[in-house]
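Q: I am new to this structure and would like to walk through it. Could we take it piece by piece?

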Amino acid sequence: MPELPEVETVTRSIARLKGRRIAGVEFRSRRILRGAPPERVSARLEGRRIGAIQRYGKFIVLALDSGFLTIHLGMTGRLLLGGAAGKHTHAIFTFDRGRLLYDDSRQFGCIEFSEEFPARVARLGPEPLEVPFEEFAARLKRHKTRIKALLLNQAFVRGVGNIYADEALFRAGIHPMAVASRLREARVRRLFDGMVTVLTEAIAAGGSSISDYIDAQGRKGFFQFSHRVYQRTGEPCVKCGTLIRRVLVAQRSSHFCPKCQRPQVQ
DNA sequence: ATCGGTACCTGCACGC
DNA sequence: TGCGTGCAGGTACCGA
């Protein structure tokens, strides 16, 4: 499910939780909870009040009056305000008013409580919508990996995933297998602009609802209708009509137009 | 120190 | 109807 635009949408949709007090937490799955055992975490969370709610890349961090509750949605994680618990509900937060369910069929997501700001989040690269171009370009030049793999590397920039990496590369006219350090300045500029544009537009559209992504109030995004390459294998390129191809880069499906995104002319 | 490959888990679409 | 295969927004961890 969720990359930066989807996580941003979910984060905004739970903004109303600010100021609420946690009355109780029930963890139904051991797998999604990191660190201490469920009973211990529940006991520590009880009675704490929610302060600022912020997104860092694909992580949602709820600052409590003391400590931090960190949530990552993995591939299929959902936060739902109210509603009934289902087969894949792994955590239920009850507040002084209302409740929040964590649903995740594949259980790749996780929830973590820590007294200090989580190290995993602190280690992430800069926000792609905040990093200055010069810093983006300088960091990019240091990596000899393929550009697609670099965009997916959360230590490079945080929040870009498979959909938006492919969409940004298409907008920049760069082949996903191109070597990052060998990209010329003008192309790096186009990539930066493409990334910023696609993320901004996707946030405005409430994200991409590929199969089942919804925000905390059950609303779907509609940026999937604006995808130009992602999961469009065999369909004509919107610019030139050439059929979109799919290759594996870093074990992830990468969709591109073989004519608009040439491998050699970098 | 960077990398690429693999593991983790469930559900769905497809061909037979 | 069922079964096997491949694929899916994610990160962590391993050894080279």
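Predicted model: local features only at pLDDT ≥ 70, side-chain atom pairs only at ≥ 80, totals over all residues.

A: Residues are numbered from 1 along each chain as its sequence is written, chains are lettered from A and ligands numbered from 1 in the order in which they are written, and side-chain values use heavy atoms, with hydrogens and water left out.

Q: In what order do the strands of the sheet with β1 come?
A: The order is β1-β6-β7-β5, an open sheet of 4 strands with antiparallel pairing. Strands are DSSP runs of E with at least two residues, helices are runs of H or I with at least four, and both are numbered from the N terminus. Two strands pair if DSSP finds at least two bridges between them.

Q: Which strands stand at the edges?
A: β1 (22–27) and β5 (77–81) do; each has a single partner strand, so one side of each is left without a neighbour in the sheet.

Q: How many bridges join β6 to β7?
A: There are 5 bridges between β6 (residues 89–95) and β7 (residues 99–104), which run antiparallel. Phe93 stands opposite Leu100 in β7.

Q: What does Phe93 form with Phe27?
A: The two form an edge-to-face aromatic pair, 6.3 Å centre to centre with 80° between the planes. Rings of Phe, Tyr and Trp (its six-membered ring) pair if their centres lie within 6.5 Å; planes under 30 degrees apart count as stacked, over 60 as edge-to-face and the rest as tilted. Phe27 is in strand β1 and Phe93 in strand β6, 66 residues apart.

Q: New topic: at what angle do α6 and α7 pack?
A: Helix α6 (residues 162–172) and helix α7 (residues 185–204) pack at about 130°, with their axes 8 Å apart. Axes are lines fitted to C-alpha atoms, for helices over the stretch in contact, and angles run from 0 to 180 degrees between N-to-C directions. The two helices are therefore oblique to each other; angles under 35 degrees count as roughly parallel, over 145 as roughly antiparallel, 65 to 115 as roughly perpendicular and the rest as oblique.

Q: And the other sheet, which strands are in it?
A: 4 strands in the order β2-β3-β4-β8 form an open sheet, again with antiparallel pairing. Its edge strands are β2 (50–56) and β8 (110–114).
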